[in-house]
Number of protein chains: 2
Amino acid sequence: MRYELYYQPSIQGRGEFIRLPLEDAGADYVDVARDPNFGRPGIMKFLEDPSLGRPPFAPPFLKAGKLVISQTANILQFLGPRLNLVPKNEPSRLWAHQLQLTIADWLHEAHDTHHPLGNALYYEEQTTEAKKRAAIFTANRMPKFLGYFERILKHNSKSGDFILDKKVSYVDLSLFQMIEGLRYAFPGTMAKLEPQHPLLIALHDRVMARPRIAAYLSSSRRLAFNQQGIFRRYTELEEEQKQE
Amino acid sequence: MRYELYYQPSIQGRGEFIRLPLEDAGADYVDVARDPNFGRPGIMKFLEDPSLGRPPFAPPFLKAGKLVISQTANILQFLGPRLNLVPKNEPSRLWAHQLQLTIADWLHEAHDTHHPLGNALYYEEQTTEAKKRAAIFTANRMPKFLGYFERILKHNSKSGDFILDKKVSYVDLSLFQMIEGLRYAFPGTMAKLEPQHPLLIALHDRVMARPRIAAYLSSSRRLAFNQQGIFRRYTELEEEQKQE
């Protein structure tokens, strides 16, 4: 089965959480908006098609045969067993999905540091509010989320190197991406927090060293972080914290 | 099986999205924090228990035998087939879950109208920002979400009265709760928008008339909306829009 991923072509964004497991599994997929030869209708045209009975609310979405699946965590729980990136038993799948939804909340908060008033306004129209929100995110929320995942890794450290167990899962790939994104957006905060979360950083490094992930990261398929994505580097959003 | 719901005892909040399907199905459950006879440790004590290998990040969470499940949408996808509130086939379950995650996003945005800088500050410390965010939510985001669900109901109107089909699902119960909450928080905006979304309002009324839901709503188990919940009525957050 060739999977078709529909997402914006110029940012990592939420799409990256789907690209990573597809890449790690060596799956057959096409990143539709970035493939000049693919000839599918654009994302917006697709979403507005009135004949679509089960339309996504927003990208990313995945076509798998006749199925159209959206919401990042939902796509991942669909792909997980098919790509052998989650255990098959229901308790482990529920647990993986819960972790993924917690990562989604974390990502949402990371986004809101630069858009606390929402996407209807440009960053430049909400810089003052963004500074306040970012100060809270870096001081309170980043330590809380990092600490939560570190605690789980510590509890499970005797049974395996990954967040669920001995085998890598899509949740590990997402945690890698969170660390990468937070390093890009808040390098000073991460430099300070990383030493307190050694197991999470070791997990990040373990994911990055996986052969297919390493090949992907050094390929042109991996987009660079930039100022249109979810993770953005605005130096003034880290400075606010220092002033407190 | 007696389900144990762990959630804050004084607000509807996210817990209400779990209470509604349990009530509609006539399930055997206990709302732990509200039951004086239950004698379980408090929610925070539970969350901080170091022996817990798969800890929730935050309430609500559900105990079902040995399983502890958290994240509202995850709890609902677990309960759905057990309470006969979602079709059994995978495409329908993925679709229901996608809709639920979209409702979660919508709820998140409704919350952020009064806490755009996050929960570390009181509402009174972020009223100015809240007014800006609420103006965007009522003008742009509420019509977008309402229109999305109305579109789906319209597309499916020949095959059934509910969002998935002929039978009620947990998604319908959540849509009922969203309408209720938005009416409480933004009565003026809803009065204006409801006539444009007749199928969604009819769905709300159909859910409200279900015997077990009607009995629940008129019981003391249904908490009233209040200013500690996710949906809050601050009149100044609707006035902002009128001034534009």
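This is a predicted model: local features need pLDDT of at least 70, side-chain atom pairs count only at pLDDT 80 or more; totals for chains, interfaces and linings use all residues.
Local features are taken at pLDDT of at least 70 and side-chain atom pairs only at pLDDT 80 or more, while totals for chains, interfaces and linings use all residues; side-chain values rest on heavy atoms, with hydrogens and water left out. Residues count from 1 along each chain as its sequence is written, and chains are lettered from A and ligands numbered from 1 in the order in which they are written.

**View 1. The four-stranded sheet of chain A.** Here's an open sheet with mixed pairing, in the order β2-β1-β3-β4 (strands are DSSP E runs of at least two residues and helices H or I runs of at least four, numbered from the N terminus; strands pair if DSSP finds at least two bridges between them). At the edges sit β2 (29-31) and β4 (67-70), each pairing on one side only. Ignoring direction, neighbouring strands are turned by 20° against each other on average (axes are lines fitted to C-alpha atoms, for helices over the stretch in contact, and angles run from 0 to 180 degrees between N-to-C directions). Helix α1 (residues 16-24) lies across β1 (3-6) and β2, running at about 150° to β2(A).

**View 2. Bridges around β3(A).** On one side, β3(A) pairs with β1(A) in the antiparallel sense over 3 bridges, and L5(A) stands opposite L62(A). Strand β3 (residues 61-64) also runs antiparallel to β4(A), joined by 4 bridges. Pick out K63(A) with its partner V68(A), and F61(A) with S70(A). The hairpin of β3(A) and β4(A) has 2 residues between the strands, and G65(A) takes a positive phi near 65° there.

**View 3. Helices α5 and α8 of chain B.** The axes of α5 (residues 127-155) and α8 (residues 198-208) come within 8 Å and cross at roughly 80°. That makes α5(B) and α8(B) roughly perpendicular (65 to 115 degrees). Among the contact residues are F149(B) and L153(B) of α5(B), and P198(B) and L203(B) of α8(B).

Terms used. Angles under 35 degrees count as roughly parallel, over 145 as roughly antiparallel, 65 to 115 as roughly perpendicular and the rest as oblique. Contact means heavy atoms within 4.5 Å.
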